[in-house]
Amino acid sequence: MDDPHYLSGLQLTGRRVVVIGGGTVAQRRLPRLIRAGARVELISPHTTPSVSAMADAGEIVWHQRRYTEGDLAGAWYALACTNDPETNAAVCAEAERERVFCVRADDGDLGSAVTPASGRHGGLLVGVLSGGEPLRSAAVRDSILDALHAGTVEDGRGPQPDDTLPGVALVGGGPGDPDLITVRGRRLLSRADVVVVDRLGPRELLDELAPEVEIVDAAKIPYGRAASQDVINSTLIDRAKAGKFVVRLKGGDPYVFGRGFEEVLACAEAGVPVTMVPGITSAFAVPAVADVPVTHRGVAHEVVVVSGHVAPGHDTSLVDWSLLARMRGTIVLMMGVERLPLFAKALLEGGRPAETPVAIVEDGTMRTQRVLRSTLDTVVADAAAAGVRPPAVIVIGPVAGLPQPGQSS
């Protein structure tokens, strides 16, 4: 049946909102009330740790007691979120008498208001109601937001004088799977005039761009053809100064061995504004999708991410390999496939045990992902036999030898 409710946006900034109950339902509702600027008062003898943290941070006022008649006096809005139907009914009854709109979490039809499935995109607040089918509301909301983020649904917003897009957006595209780019990164990508993309950026997203968007290939293929960093910098600057909105789409996170800060400095020197959008770094995400946690309680209290661009002992190396060898925690080696024999040798000579577990994740998060598990003394031979090729993330340390989910320890 059609939803009978009347959708209306409430201006709650500075206004008293009372939430009865401090459990998981309140935990879900409170962040949006806080973001709306409401003066939230929570009444409950107990709360979840997350709700308690909101009170400790001063985001809400927590009255550590049970609900009593009169608690809604002066409220503009109320939410009955306890696990006791009688208490929720009493709250709604008082709200009715006080003419305060009230959401009843355990039975929405018995309240005078309902909470829509909602989300934000570029200044829009999207809310969906579906006549008491919350899963349907959430599914439709997610579909709408996904379409807005991807640019397949027009958000109707033209250029705004106070919302001029910056010259360059430096966007971390994540480890490779196009679903792992951030929401903000995808939104800015959909508004680009020019996209300067790396080989390791999420390539599938380029197919979603309008035909008139200029794509500049800045592929940096290891130990092969490479676009000069100076050329990349000048491309960003020249296109931005020509009035184009430029997205520099990089794999992983731009500041984790991605030369992102070099590009920011070059733009700043040229007077071109830059928006930085962090990305999910491959250093942690790629091992994670292969069920290799880079830390684990009682196993690793430290993790070091190391670039494999320079060999141990090279004049330009900034890494103390002897110190890494004495570590007991996790080493995540990026771009290390080509020089793996030199890295393994340095660690073994520095004292790392030969039986130290090693995991190599090739093409992490992609359809072609594969994982090689080995030990420090045999990994060079094993990698050669398996034909391991870049891009690959190498994890060295006890975490690489943890039992896999579903595997007996």
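## Accessibility and the model

A residue counts as buried under 20% relative accessible area, as exposed over 50%, and as partly exposed in between. Glutamate 208 has a relative accessible area of 41% and is therefore partly exposed. The model is predicted.

Five strands make up an open sheet with parallel pairing, in the order 3-2-1-4-5. Strand 3 (61-63) and strand 5 (101-104) are the edge strands; each has a single partner strand, so one side of each lacks a neighbour in the sheet. From one strand to the next, the twist averages 20 degrees.

Within this sheet, strand 1 (residues 16-20) runs parallel to strand 4 (residues 77-80), and four bridges join the two. Valine 18 has alanine 78 of strand 4 opposite to it. Helix 3 (residues 85-98) lies across strand 1, strand 4 and strand 5. The angle between helix 3 and strand 5 is about 165 degrees.

## Salt bridges: overview

Side chains of opposite charge can pair when their charged atoms come close. The model has 15 salt bridges. One network of salt bridges links Asp198, Arg248, Lys250 and Glu263.

Glutamate 208 and arginine 186 meet through their side chains in a salt bridge, at 2.9 Å from N to O. This pair links distant parts of the chain, 22 residues apart: glutamate 208 is in the loop between strand 9 (194-197) and strand 10 (214-217), and arginine 186 is in helix 5 (residues 183-190). Glutamate 208 is partly exposed at 41%, whereas arginine 186 is buried, because its relative accessible area of 18% is under 20%.

Arginine 141 and aspartate 142 also form a salt bridge, with 3.0 Å between the closest N and O atoms. Arginine 141, at 18% relative accessibility, counts as buried.

In the salt bridge between glutamate 362 and arginine 370, the closest N and O atoms are 2.9 Å apart. Here the acidic residue, glutamate 362, is buried, with a relative accessible area of 9%. Arginine 370 is partly exposed, with a relative accessible area of 35%.

Technical notes: Residues numbered from 1 in each chain as written. Predicted model: local features only at pLDDT ≥ 70, side-chain atom pairs only at ≥ 80, totals over all residues. Heavy atoms only, no water. Pairing = 2+ DSSP bridges. Axes fitted to C-alpha atoms, helices over the stretch in contact; angles between N-to-C directions. Contact = heavy atoms within 4.5 Å. Salt bridge = Lys/Arg side-chain N within 4 Å of Asp/Glu carboxyl O. Buried < 20%, exposed > 50% of the residue type's maximum accessible area, 1.4 Å probe, protein only.
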